[in-house]
Amino acid sequence: MCGTGKACPLSRTAVLAGLSAALWAPLAGAEPIPVRFVEGVSHGFLTLRTADAAQIASGDLLQFARRGEIESRMVFRFRDGSVLDETVVFTQQRVFVMKSYRLSQRGPAFAEDTDITLERASGKYRVKTTAHKDGAETVLDGVLEMPADTYNGMVLTVAKNLARGASETIHVVAFTPAARLVPVELAPAGEHKVLVGELTKSATRYVFKPKPGPWLSVIASVLGRMPPDSHAWILTDEVPAFVRFEGPLHPAGPLWRIELTSPRWPD
């Protein structure tokens with residue numbers, strides 16, 4: 001976390017942009033994740049908290065089915081006026097395939113405004129950052145070859161579709177601000193009791209762990225720390241359901257907690 005308590009800027013690691021692609025290598029023969037539970041039209045309600053449980057934003061999770069694709073959008077509106085808006089488009093014919101990804105972070109909760117786009121078919125990505133202080137813009141464009149198991153914005157969806165007790169390693173693209181393929185291990189780490197109303201349910205905790213590599217050591221040296229693990233809790237009844245996530249929402253960000261919430265009537 002930056003000294004101001006804001007999410008750290010992506011551009012603070014701009015030195016990484018000039019690193020050779022030889023610093024990383026995608027896993028050979030990476031396979032996409034099979035679909036066990038299809039996604040569909042839905043609208044969920046979320047809350048975003050800091051590591052010490054202070055609420056900082058309220059959000060929506062929206063899913064639409066369009067022309068054989070699913071568009072999943074997560075939007076958080078912060079109390080200070082900031083907005084985090086993430087959209088992923090994917091297909092789910094037998095296996096999950098990410099088609100496109102977009103992330104926008106704006107406002108004082110972030111050290112700078114950031115817009116990221118990623119297209120699977122072309123491999124093109126674009127990262128634009130805008131400084132709050134003087135409005136200076138920095139744009140980075142590039143092309144990245146992505147394996148079949150690249151799942152930006154879909155890690156929770158993938159975790160819900162793992163067989164009970166199974167682990168899997170997938171890829172995500174981290175923007176630092178240059179795009180880097182990151183192998184991430186998804187592994188179950190025990191069962192936890194969760195109360196839903198007066199009912200007791202069992203949730204599996206998953207650990208999302210970036211796998212070591214030369215690029216990860218470089219990022220750690222620039223950030224002054226190794227990118228932390230993330231954690232997700234998923235109910236493991238007949239139909240799996242997400243209940244909590246803890247971790248950074250980008251490699252240089254603070255630890256935040258995403259939880260479900262319910263509508264309530266005003267007094």
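**Entry 1: arginine 73 and its partner**

I began with arginine 73, which is partly exposed at a relative accessible area of 27%. I keep in mind that this is a predicted model. Which residue does the side chain of arginine 73 meet in a salt bridge? I found aspartate 85 there, with 2.5 Å from N to O. Aspartate 85 sits in strand E4 (residues 83–91) and arginine 73 in strand E3 (residues 69–78), so this pair ties together parts that lie 12 residues apart in sequence. Is aspartate 85 buried or exposed? I noted 16% relative accessibility, and since the cut-off for buried is under 20%, aspartate 85 counts as buried.

**Entry 2: the whole-structure search**

Next I wanted the total. How many salt bridges does a search of the whole structure find? I got 15 salt bridges. I also looked for linked groups, and wrote down a network of salt bridges that joins Arg49, Arg244, Glu246, Arg257 and Glu259.

**Entry 3: aspartate 141 with arginine 126**

I then turned to the salt bridge between the side chains of aspartate 141 and arginine 126, at 3.6 Å from N to O. This pair links distant parts of the chain, 15 residues apart: aspartate 141 belongs to strand E8 (residues 137–143), and arginine 126 to strand E7 (residues 124–131). For arginine 126 I noted 38% relative accessibility, which counts as partly exposed.

**Entry 4: aspartate 229 with lysine 209**

Here I looked up a lysine pair. The side chains of lysine 209 and aspartate 229 meet in a salt bridge, 3.4 Å from N to O. Lysine 209 is in strand E11 (residues 199–210), while aspartate 229 is in the loop between helix H2 (214–223) and strand E12 (230–235), so the pair ties together parts 20 residues apart in sequence. I checked accessibility for both partners: aspartate 229 is partly exposed with a relative accessible area of 25%, and lysine 209 counts as partly exposed at 37%.

**Entry 5: positive phi angles**

Last, I went through the backbone. Where is alanine 53 found? I placed alanine 53 in the loop between strand E1 (42–50) and strand E2 (55–66), and its relative accessible area of 35% makes it partly exposed.

Arginine 94 went on the list too: its phi is near 75 degrees, a positive value in a residue other than glycine. Arginine 94 lies in the loop between E4 and strand E5 (97–106). At 68% relative accessibility, I logged arginine 94 as exposed.

Key: Residues are numbered from 1 along each chain as its sequence is written. This is a predicted model: local features need pLDDT of at least 70, side-chain atom pairs count only at pLDDT 80 or more; totals for chains, interfaces and linings use all residues. Side-chain values use heavy atoms; hydrogens and water are left out. A salt bridge is a side-chain nitrogen of Lys or Arg within 4 Å of a carboxyl oxygen of Asp or Glu. Helices (H or I, at least four residues) and strands (E, at least two) are DSSP runs, numbered from the N terminus. Buried means under 20% relative accessible area, exposed over 50%, partly exposed in between (1.4 Å probe, protein chains only).
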